[in-house]
Amino acid sequence: MSPSGAGHLTLIGFMGCGKTSVGRELARELGRALVDLDKAIEEKEGTTIAEMFRIKGEGAFRERERECLKETLAREEPLVICSGGGIVLDPRNVQDIKEKGAAVWLRARPETIRGRLAGDATRPLLKDGMSVERIAEMLGKRLPLYRSAADLAVDTDGKAPAEIAAEIAGALGRVAAAR
Ligand code: S3P
């Protein structure tokens, strides 16, 4: 579906592309509730994502992530949803997100991501190294998935979260007005 603003708006993109901070601003701007999937999973499981990866493995986390996404998308009121960077790895997630609304892809350069994640120890997939090269390699593998999932893509480099949220809200308004 096109990003008309109807249904749930799910922010997708690589770790450190600003989904959480932009989501907060966008929810405020649109007067919607915000659901951060990573936080919701942590609350439900009573543990951190890093611990979940360490003890039960990535597969178990992906199952929880899928469940939590389905539960959130089933809610009636239109939400802003911040997803984890790996949500697009399961094509069923992408299909569900688009069926229930639109996917907004926040893009960022590896250098920007590296800068934003510096000193962060909460991302298990980057715990063994967070060089620009490693980020670029992982990002390169996922780019086709983000690209094909996205109803709308927004560059975030050098922009503040409020500015990015306003850009998204503006784009949604333009699409809605053109209908
Ligand atoms: C992941 C991204 C994380 C979190 C988990 C796995 C990924 O979320 O879901 O560590 O596979 O890219 P953020 O994108 O919010 O960091």
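A polar contact is a pair of N or O atoms within 3.5 Å; within protein, one must be able to donate a hydrogen and the other to accept it, and residues adjacent in sequence count only if both atoms are side-chain atoms. This is a predicted model: local features need pLDDT of at least 70, side-chain atom pairs count only at pLDDT 80 or more, and totals for chains, interfaces and linings use all residues. Numbering starts from 1 along each chain as its sequence is written, and side-chain values use heavy atoms, without hydrogens and water.

**View 1. Arginines at the ligand.** In the side chain of Arg 62, an N or O atom is 2.7 Å from a ligand oxygen. Arg 123 places a polar side-chain atom 2.7 Å from an oxygen atom of the ligand. For Arg 142, that distance is 2.6 Å.

**View 2. Helix 2 against helix 4.** Helix 2 spans residues 37–45 and helix 4 spans residues 58–73. Helices here are DSSP runs (H or I, at least four residues), numbered from the N terminus. The two pack at about 110 degrees, with axes 10 Å apart. Axes are lines fitted to C-alpha atoms over the stretch in contact, and angles run from 0 to 180 degrees between N-to-C directions. Helix 2 is therefore roughly perpendicular to helix 4 (65 to 115 degrees). Contact means heavy atoms within 4.5 Å; among the residues making it are Leu 37 and Ile 41 of helix 2 and Phe 61 and Leu 69 of helix 4.

**View 3. Helix 6 across helix 7.** The axes of helix 6 (residues 110–117) and helix 7 (residues 132–149) come within 9 Å and cross at roughly 120 degrees. Helix 6 contributes Pro 110, Glu 111, Ile 113 and Arg 114 to the contact. Helix 7 contributes Val 132, Ile 135, Ala 136 and Leu 139.

Technical notes: Angles under 35 degrees count as roughly parallel, over 145 as roughly antiparallel, 65 to 115 as roughly perpendicular and the rest as oblique.
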